[in-house]
Amino acid sequence: MKSAKKKKLEAAGWQIGTASQLLGLSKQETELVELRLALAQGLRLRREARHLTQARLAKLIGSSQSRVAKMEAADSTVALDLLFRSLVATGATRRELARIIQRPMSPSAV
């Protein structure tokens, strides 16, 4: 955010901060949220790059299309092992999984 805009908002009484600050998340909780977001984004990008539909990926992992949609939305009801299993089903190697985890999040994913 530009400093001029930030100053204007603060002058109007708005507080500027991160989502973690707003929600009162601990460092560990923040890391977990960011890990889940990275895995979800990585899954969507890998699925699309391989021209798989959500329904096709669901069949590959023995799940449902709606569950794949929840995985890609980083829904908290989705277990991390299912995200990893889905990425492996798209052909991701350990090295690629490491890259996905380390990749900075794009602004559109947050």
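Before I come to any residue, let me define what I call a helix: helices are DSSP runs of H or I with at least four residues, strands are DSSP runs of E with at least two, and both are numbered from the N terminus. With that in hand, I can say that R46 lies in helix α3, and I will come back to R46 once the overall picture is in place.

A word on the source, then. This is a predicted model, in which local features need pLDDT of at least 70 and side-chain atom pairs count only at pLDDT 80 or more, whereas totals for chains, interfaces and linings use all residues. Residues are numbered from 1 along each chain as its sequence is written, and side-chain values use heavy atoms, with hydrogens and water left out.

Let me start with the whole chain. The secondary structure comes to 7 helices and 0 strands, and from the N terminus on the elements run α-α-α-α-α-α-α. The radius of gyration, taken over C-alpha atoms, is 17 Å, well over the 13 Å that the globule rule gives for 110 residues, so the protein is more spread out than a compact globule; that rule is 2.2 Å times the number of residues to the power 0.38. Along the principal axes, the C-alpha trace spans about 55 × 30 × 25 Å.

How much of the protein is buried? Buried residues make up 25% of the 110 residues, where buried means under 20% relative accessible area, exposed means over 50%, and partly exposed is in between, with a 1.4 Å probe and protein chains only. The accessible surface, from the Shrake-Rupley method with a 1.4 Å probe, comes to about 7700 Å², and 55% of that surface belongs to carbon and sulfur atoms. As for contacts, meaning heavy atoms within 4.5 Å, residues 24 or more positions apart account for 60% of those with a separation of 6 or more.

Helix α1 covers residues 3–11 and includes E10, and α1 is hardly covered, since the count of buried residues among its 9 residues is 0. E10 itself is partly exposed, with a relative accessible area of 39%. To give a sense of distance, E10 and A55 are 45 residues apart in sequence and 46 Å apart in space, C-alpha to C-alpha. Just after α1, G13 takes a positive phi of about 100 degrees.

Next, the core. Which residues have the most contacts inside the largest nonpolar core? They are L43, I61, V68, M71, L83 and L87, in a core of 14 residues, and by a nonpolar core I mean a set of buried Ala, Val, Leu, Ile, Met, Phe, Trp, Tyr and Cys residues joined through side-chain atoms within 4.5 Å. Five helices, namely α3 (27–49), α4 (54–61), α5 (65–72), α6 (80–89) and α7 (94–102), each supply at least two residues of this core. As a general remark, in soluble globular proteins nonpolar side chains tend to be buried together.

Not counting residues up to four places away in sequence, L83 touches R36, L39, A40, L43, M71 and V78. L80 is found in helix α6 and is partly exposed, with a relative accessible area of 22%. With the sequence neighbours again set aside up to four places, L80 touches L32, L35, R36 and L39, and the C-alpha atoms of L80 and R36, 44 residues apart along the chain, are separated by 7.2 Å.

I promised to return to R46. Is R46 buried or exposed? At 9% relative accessibility, R46 counts as buried, and leaving aside neighbours within four places in sequence, R46 is in contact with L87, T90, G91, A92, E96 and I100.

H51, in the loop between α3 and α4, has a positive phi of about 55 degrees although H51 is not a glycine, and at 73% relative accessibility H51 counts as exposed. A74, in the loop between α5 and α6, has a positive phi of about 60 degrees, and A74 is not a glycine either; at 16% relative accessibility, however, A74 counts as buried. The C-alpha atoms of A74 and E34, 40 residues apart along the chain, are separated by 9.6 Å, and E34 is found in helix α3, where E34 is partly exposed with a relative accessible area of 40%.
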